[in-house]
Amino acid sequence: MATVELRFSALPEHVRTARLVAAAVARRAGVDEAVLDEVRLAVGEACTRAVGLHRNGGITAPVKVLLIEEEKQFSIEVGDEVPHAVPGGHPPGDGAGDADVETEEDEMGLAVISGLVDDVEVSAGAHGGSIRMRWPTTPPTTLPV
Amino acid sequence: MDLSLSTETMGDRTIVRVGGEIDVYTAPKLREQLVELVNDGSFHLVVDMEGVDFLDSTGLGVLVGGLKRVRAHEGSLRLVCNQERILKIFRITGLTKVFPIHTSVEEAVAATD
């Protein structure tokens with residue numbers, strides 16, 4: 001189960017909220033202070049991408065963000081509910097002019113994420129896609145009894 | 001923090017001072033400002049990003065769009081930025097090769113090419 005789960009309407013103004021929540025939970029989980037800026041940026045990029053996909057696809061479902069604190073690592077999973085092209089299928093909006101611009105913006109966001117995060121998985125299926133990112137954590141030092 | 005924008009003219013250069021967060025929500029305001037300046041005949045822009053707390057790929061896209069617009073009029077778009085966390089995003093995306101990035105407004109205004 002996620003430590004914190006966030007669902008928000010696919011609106012640009014909520015992406016900032018997701019960034020703030022993710023950074024706060026990451027800090028508490030023990031992600032290095034020096035990396036928090038990267039967490040904030042990466043989760044913002046992933047949420048921006050999901051919001052864009054939902055809006056362009058006319059999806060009314062919320063964007064889902066899972067913040068998961070595990071032993072020695074912290075994961076963030078940003079999920080969308082947009083049906084993605086599956087191997088052998090036809091990509092949605094294939095051949096449309098606007099699709100090129102959207103694809104460029106999408107790729108820029110993914111380029112930033114992959115440049116920032118070493119451990120990242122992007123998956124897409126017929127029922128939606130997700131970006132999962134992981135960072136190592138430093139366990140809190142326990143005070144001597 | 002929301003986005004703050006102000007402009008100032010220095011000779012043939014127009015300084016755009018940006019403050020706050022540039023993301024998917026606020027970037028359209030910056031885009032409108034840059035489009036308006038170019039439409040009004042300001043083709044040599046210096047975007048001062050010293051007050052920017054956060055920049056994402058949407059913001060980068062707006063800056064690239066601004067650069068395309070001024071170049072169509074043989075103009076220029078220079079950036080002023082000393083913040084490592086912002087510079088890192090330009091480096092990751094290879095945009096340090098696209099934008100001249102200066103350490104001060106004075107340096108950017110004095111630069112020719």
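## Exercises on a predicted two-chain model

Strand 3 (residues 73-80) and strand 5 (residues 128-136) of chain A run antiparallel and are joined by eight bridges. Strands here are DSSP runs of E, at least two residues, and helices are runs of H or I, at least four, numbered from the N terminus. This is a predicted model, where local features need pLDDT of at least 70, side-chain atom pairs count only at pLDDT 80 or more, and totals for chains, interfaces and linings use all residues. Residues count from 1 along each chain as its sequence is written, with chains lettered from A and ligands numbered from 1 in the order written.

**Exercise 1.** Work out the strand order of the open sheet in chain A and find its edges.

*Solution.*
- Start with pairing, which takes at least two DSSP bridges between two strands.
- The five strands then line up as 1-2-3-5-4, with antiparallel pairing.
- Strand 1 (4-8) and strand 4 (119-125) of chain A each have a single partner, so one side of each lacks a neighbour in the sheet.

**Exercise 2.** Which residue in strand 5 of chain A stands opposite A:Val78?

*Solution.* Look across to strand 5 of chain A: the residue is A:Ile131.

**Exercise 3.** Describe the side of chain B that touches chain A.

*Solution.*
- Count contacts (C-beta atoms, placed from the backbone, within 7 Å): 13 residues come from chain B and 17 residues from chain A.
- Helix 2 (57-71) and helix 3 (84-92) of chain B are the elements giving two or more residues to that side.
- Helix 2 of chain B has the largest share, four residues.

Conventions:
Two residues are in contact if their C-beta atoms, placed from the backbone, lie within 7 Å.
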